[in-house]
Amino acid sequence: MIQTALLGFGTVGSGVAEVLSENRESIAHNAAEEIDLKYIFCRRDRPGSPFASKIIHDFETIENDPEIRIVTECMGGLEPAYEYTKRLLLAGKSVITANKELVATHGYELLQLAKENNLNYLLEGSVGGGIPIIRPITQCLAANELDEIFGILNGTTNYILTQMEENGTSFPDALKEAQRLGYAEADPTADVEGLDATRKICILADLCFGRHIDPNGVRTSGISNVSIEDVRYSEQMNCRSKLIARALRTGPSTVTAYVAPHLLSRSSMLSNVSGVMNGIIVRGNALGEAMFYGPGAGKFPTASAVVADMIDAVKHLKARKYLGWDAADPEHFTDSDDIVSRWFVRTASPLSEIGRAFGNIRFISYPDAPRDEYAFATAPMYAHAIKVMTRNLDIRSVYRIMD
Ligand SMILES: NC(=O)c1ccc[n+]([C@@H]2O[C@H](COP(=O)([O-])OP(=O)(O)OC[C@H]3O[C@@H](n4cnc5c(N)ncnc54)[C@H](OP(=O)(O)O)[C@@H]3O)[C@@H](O)[C@H]2O)c1
């Protein structure tokens with residue numbers, strides 16, 4: 001029997017405890033060992049919980065217990081999760097995590113530490129919730145030279161955009177509804193401003209392209225400025241408004257990444273990913289294109305990924321699994337403004353000024369569109385070019401179009 005411990009007993013942690021208990025027999029079969037949960041570390045007691053007797057409030061008990069071989073971190077945030085993870089790896093325990101902020105920020109260092117100590121640091125739950133994506137990239141697609149990975153990586157923003165499109169709900173009302181249903185946190189900043197998606201695309205890019213990308217260097221814009229009007233124009237263009245996180249090769253040894261709202265063509269497989277669901281497309285030179293789709297968050301979907309990592313860690317207690325990437329290199333990362341796109345532009349400037357900047361263009365409209373504005377799509381051009389061309393216009397929206 002393998003003894004394990006949990007750090008954190010919130011949404012994900014409680015799901016992990018329940019899945020370990022509910023599926024005890026099949027998990028034992030799959031791991032070829034029984035997995036026992038000995039401690040749950042968190043701040044509050046949980047009287048009445050079937051796991052109440054396992055709850056402890058001192059981390060050192062887990063750190064110093066030689067029986068504990070695997071610890072699952074579901075606390076979230078950088079500290080104290082970062083310090084505890086280092087201490088656990090130094091104490092000879094493999095660590096499983098769902099913490100994308102920690103992996104995106106310190107993943108390289110923690111994976112190195114795991115390697116030096118012949119331990120596993122596994123992170124399937126950190127991206128895509130229940131969608132298998134880390135293992136497919138690192139194992140099933142290992143024969144490929146991967147060129148690009150992109151997708152809808154945040155369920156909260158996708159739910160809000162879907163509500164805006166399907167029900168005509170405004171952004172603030174759709175956000176309130178997402179909070180009421182538990183899809184958005186009380187402080188929704190990390191989701192709506194795109195930070196959560198940036199952390200996830202950085203982890204995917206680290207794995208696909210083999211080198212750490214600092215999330216702080218990734219151009220990130222969220223959906224808080226996407227309006228009902230933008231969504232209506234999207235429909236007229238046979239597109240859907242989606243928050244896309246994207247990482248791609250820009251040269252033989254360079255890559256870029258960014259997160260931004262897009263007008264996504266309805267012919268794209270991703271455009272059908274609605275509500276809280278996530279979708280991720282991977283492009284490889286042998287594979288072509290594959291899409292991964294499913295619940296990108298939630299108690300049990302995330303626990304499904306986390307417990308699978310626990311099983312894998314049990315199977316690899318002696319022979320460490322290879323998982324990792326190289327340290328960051330500023331030469332490796334290029335500016336996403338160098339990626340060419342067609343652009344959607346919505347402006348309150350008069351026709352004469354639009355014509356001066358863009359020449360002869362075709363405008364898009366819809367019944368009841370605001371009378372004081374014009375919307376149009378540009379030819380493909382760099383972000384630098386669109387910035388120059390729109391600098392004298394009264395701009396309401398500028399978004400990339402993805403065909
Ligand atoms: N929620 C999801 O659907 C989801 C999906 C994928 C990944 N994740 C990631 O999984 C992680 C956990 O998310 P969650 O939604 O489960 O969070 P959560 O519901 O807020 O739970 C966090 C847990 O960690 C404990 N904790 C936090 N700081 C602590 C500290 N300093 N000392 C002791 N315990 C502490 C809390 O204890 P108390 O309750 O006692 O205060 C709570 O039990 C995050 O990194 C998140 O990004 C979440």
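Here is a short chat about aromatic rings and strands in this predicted model.

Colleague: How many aromatic pairs does the structure hold?

Modeller: Rings of Phe, Tyr and Trp pair if their centres lie within 6.5 Å. Going by that cut-off, the count of aromatic pairs in the structure comes to 10.

Colleague: Take Tyr-233 and Tyr-366: stacked, tilted or edge-to-face?

Modeller: Their ring centres are 4.9 Å apart, and the angle between the planes is 80°. Planes over 60 degrees apart count as edge-to-face. So the pair formed by Tyr-233 and Tyr-366 is edge-to-face.

Colleague: And how many residues apart are those two in the chain?

Modeller: Tyr-233 belongs to helix α11, which covers residues 228-236. Tyr-366 is in the loop between β14 (363-364) and β15 (374-377). The pair links distant parts of the chain, and its partners are 133 residues apart.

Colleague: Are Tyr-233 and Tyr-366 buried or exposed?

Modeller: The cut-off for buried is under 20% relative accessible area. Tyr-233 and Tyr-366 are both buried.

Colleague: What about Phe-363 and Phe-376: what kind of ring pair do they make?

Modeller: The ring centres of Phe-363 and Phe-376 lie 5.8 Å apart, with the planes at 85°.

Colleague: Which of Phe-363 and Phe-376 is buried?

Modeller: Phe-363, in strand β14, has a relative accessible area of 33%, so Phe-363 is partly exposed. Phe-376, in strand β15, has 0% relative accessibility. Buried means under 20%, so the buried one is Phe-376.

Colleague: Which residues do ring pairs link into a cluster with Phe-363 and Phe-376?

Modeller: Ring pairs join Phe-363 and Phe-376 into a cluster with two other residues.

Colleague: Which residue has its charged end over the ring of Tyr-258?

Modeller: A charge counts as over a ring if, among other things, it is within 6 Å of the ring centre. At Tyr-258, the charged end sits 4.6 Å from the centre, and it belongs to Arg-400.

Colleague: How many residues of strand β13 are buried?

Modeller: Strand β13 covers residues 342-347 and is mostly covered. Of its six residues, the buried ones number five.

Colleague: Which residue stands opposite Arg-346 in β16?

Modeller: β13 and β16 (residues 395-402) pair in the antiparallel sense over six bridges. β13 also runs antiparallel to β15, with four bridges, and there Phe-344 stands opposite Ala-377. On the β16 side, the residue opposite Arg-346 is Ser-397.

How values were computed: Residues are numbered from 1 along each chain as its sequence is written. This is a predicted model: local features need pLDDT of at least 70, side-chain atom pairs count only at pLDDT 80 or more; totals for chains, interfaces and linings use all residues. Side-chain values use heavy atoms; hydrogens and water are left out. Rings of Phe, Tyr and Trp (its six-membered ring) pair if their centres lie within 6.5 Å; planes under 30 degrees apart count as stacked, over 60 as edge-to-face and the rest as tilted. Buried means under 20% relative accessible area, exposed over 50%, partly exposed in between (1.4 Å probe, protein chains only). A charge sits over a ring if NZ of Lys or CZ of Arg is within 6 Å of the ring centre and within 35 degrees of the ring normal. Two strands pair if DSSP finds at least two bridges between them.
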